[in-house]
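Here are some exercises to work through with the model open beside you. Try each task before reading its solution.

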Amino acid sequence: MAWTDLQSDMATQGYVASDDLAVALHLALTLGRPMLLEGAAGVGKTEVARVLAAVQDTRLLRLQCYEGLDAAQAIYEWNYQRQLLSIRAAAEHGETGSSVEARIFSEDFLLERPLLAAIRQEKPPVLLIDEIDRADEEFEAYLLEILADYQITIPELGTIKAVTQPIVVLTSNGTRDLSDALRRRCLYTYVDYPDRPTELAILAARCPEIEMELAAQVIGFVQNIRKEELEKTPGIAETLDFAAALMGLGVADLTADPAVLQASLTTLLKTQSDQANITTEVAQRIAGRAA
Amino acid sequence: MSRVTRFSARDPGPAARISGFLAHLRENGLRLGVAETDLALSALCQIKATRPEQSRLALRAICTGCKEDVDRFDALFDSFWLNGGRVKRKIAPTSGISAKNHVHSSRSAQGEARSGGGEATSPDAGSGRSEAGGQGKLIATEVTNLMKKDLRDLVQPADIKAAEQVARRLGAALRDRRSRRRRAARKGDRLHFRKVIRQSLASGGEPFQLPLKHRPDRSRKIAAICDVSGSMSVYAQVFLAFLAGLMRADPTADAYLFHTRLVRITDALRDKDALRALARMSLMADGFAGGSKIGGSLGQFADSYAKRFVDGRTVVLILSDGYDTDAPEVLSAALARLKKRGCKVIWLNPLKGWQEYEATARGMAAALPHLDLFKAANTLDDLAALEPELVRI
């Protein structure tokens, strides 16, 4: 399968991938390497994994990282309560210590978490490790080990080797610098805000009922508003919301009614100061340029 | 096809060219190992390697690791494979070093600048120089200097980066106050035995639930006040970089500047763009390098901002030389008012330790009884060295 096939497959799932991204994903799939996606919030990093799972027709396992994420949440945990019940039951039956021990540290009592689940699937799943930069450095180190050998060591059970190698997608918003070791192990793509034709294609794919004229205006408006000094630059999700809001309000021309435009800006501007900065006049000026 | 680099006849083949290209990237500061060369070769087998654009995308995915690399990659790719727009010349990538002689001088300079990022930490490190520069201005002046001085000339982004590291460490030293007592918590490092026993009653003495406890953070805020009067201008570079770094490293910190009056610069310094932050600060600090009214400014701080931002868990960090045009009593009273809020006061003085200093700065003498820590600091390294002292406060 060439990378253009992957690109068109993703397009049928409603994801317009740039050449950069398509080639990188194609290589990640064929070479079996993890894929690291970086970029601002709302440019569709997480969506890549979802669409990739749909294209490959496989499961998507998602691990959302946060500060303080530990092995128990990410890899595996013993089902303590069940073990305890089992010990009690065994005591009443007069079972010996060593056989109980062997039983309660068996796979039945193991709670799988995403990382362990990912390497035990029959069909290679897409493993999405979302916002890896939020997790602590210790977790990153642990992840490195798993990504290198695709195996997990559980002291009581031994080493569990991967049945199939999952397709790993990592995303990062850049709140913390990732270690070089992790970056080296992955293929890297920086996902930027899309350019005008790409964003138009995305809008057309996601929102097919929109009029071409309005779509062009919406994209022009969003592209221009990204150039303003904003605290939070609107991403693609916001663009789609904005278009949906305008259609819901029955707007056919962006410049027609300033009040409606201003009202629908709540879908694009997500902080108080941004909303204060983009006044009706500014919005009208941008809309005028976009038209 | 004149755009494509013509390799010499001695060129051993594609594998050598790829390793030559990776050597070229390495020369330019990208961190790549042998494994990447291998990976690059297998990647090129997966695409149409004869198409320059496809090869570019594939090699970019493999050889870059961060946004900065991505931005530079295209130029590096062009210079190796596409002649870089220069006159054709023969390249035989036989050894890894060969990349050196066909790299644009401007590009290698870029690489230099990249690797040199960590060096810019010692602005006025030469004590001799700062002494010479400072001597003429040792006496506090009362004139407000209206000539606007652009702080961007003083502070470079690289300085801020280095300062950010120091600030982060110092901030951590000051802030990470763990309480000794443990409290019940959903996630903790130890079992909460009292709760374990209590809850086990419900399950017939079997410890079914295992509640945990941990030591809660008793976090500390930092409020930094920097003197930018004329006598301090030699040290301003270090301290401003430090403040900018502190603001970026610690979301709860607070920063102020003063010369003849006090300005809050927290919001300006929080700007995502480091250079724009300094530009905004310059606007606020008009009269920079003018006279100094330490007592007045600290009094102003104690009466206004301190009421909102300073409490018992705050460390007030004063960066000043103590040459004051106000009477010493004003300073003493201001610090006393500040101390009443329960905060710790640290004074970092670039001139402490000078022989003739003790006699001249009466203000400093008046301030001393109110200080929890009084230390010398005039370079970033000095600030970094303070870490163990700050832990003990």
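**Exercise 1. Find where α2(A) meets α3(B), and describe how the two helices cross.**

Step 1: start with the geometry. The axes of α2(A) and helix α3 (residues 52-63) of chain B come within 9 Å and cross at roughly 65°. Here axes are lines fitted to C-alpha atoms, for helices over the stretch in contact, and angles run from 0 to 180 degrees between N-to-C directions. Helices (H or I, at least four residues) and strands (E, at least two) are DSSP runs, numbered from the N terminus.

Before going on, some housekeeping: this is a predicted model, where local features need pLDDT of at least 70 and side-chain atom pairs count only at pLDDT 80 or more, while totals for chains, interfaces and linings use all residues. Residues are numbered from 1 along each chain as its sequence is written, and chains are lettered from A and ligands numbered from 1 in the order in which they are written.

Step 2: get the hand. α2(A) and α3(B) cross in the right-handed sense, that is, the near helix is turned clockwise from the far one by less than a right angle.

Step 3: list who touches. From α2(A) come Asp19(A), Asp20(A), Val23(A), Ala24(A) and Leu27(A), and from α3(B) come Gln54(B), Leu57(B), Ala58(B) and Ala61(B). Contact needs C-beta atoms, placed from the backbone, within 7 Å.

Step 4: sort them. Six are nonpolar, one is polar and two are charged. (Ala, Val, Leu, Ile, Met, Phe, Trp, Tyr, Cys and Pro count as nonpolar, Asp, Glu, Lys and Arg as charged, and the others, Gly among them, as polar.)

**Exercise 2. Work out the strand order of the open five-stranded sheet in chain A.**

Step 1: read across it. The order is β2-β5-β8-β1-β9 (chain A), with parallel pairing; strands pair if DSSP finds at least two bridges between them.

Step 2: find the edges. β2 (60-64) and β9 of chain A have a single partner strand each, so one side of each lacks a neighbour in the sheet.

Step 3: zoom in on one pair. β5 (residues 126-130) and β8 (residues 167-172) of chain A run parallel over four bridges, with Val126(A) opposite Ile167(A).

**Exercise 3. Is Lys213(B) buried, exposed or partly exposed?**

Step 1: Lys213(B) sits in strand β3 (residues 212-214) of chain B.

Step 2: count neighbours. Lys213(B) has 18 C-beta neighbours inside 10 Å, so it counts as partly exposed. The rule: buried means 20 or more other C-beta atoms within 10 Å of its own, exposed means 12 or fewer, and partly exposed is in between, with C-beta atoms placed from the backbone.

Step 3: see what surrounds it. Leaving out residues up to four places away in sequence, Lys213(B) touches several residues, including Arg182(B), Arg183(B), Gly188(B) and His192(B). Arg183(B) is 30 residues from Lys213(B) in sequence, yet 5.0 Å away in space, C-alpha to C-alpha.

Methods. Two residues are in contact if their C-beta atoms, placed from the backbone, lie within 7 Å.
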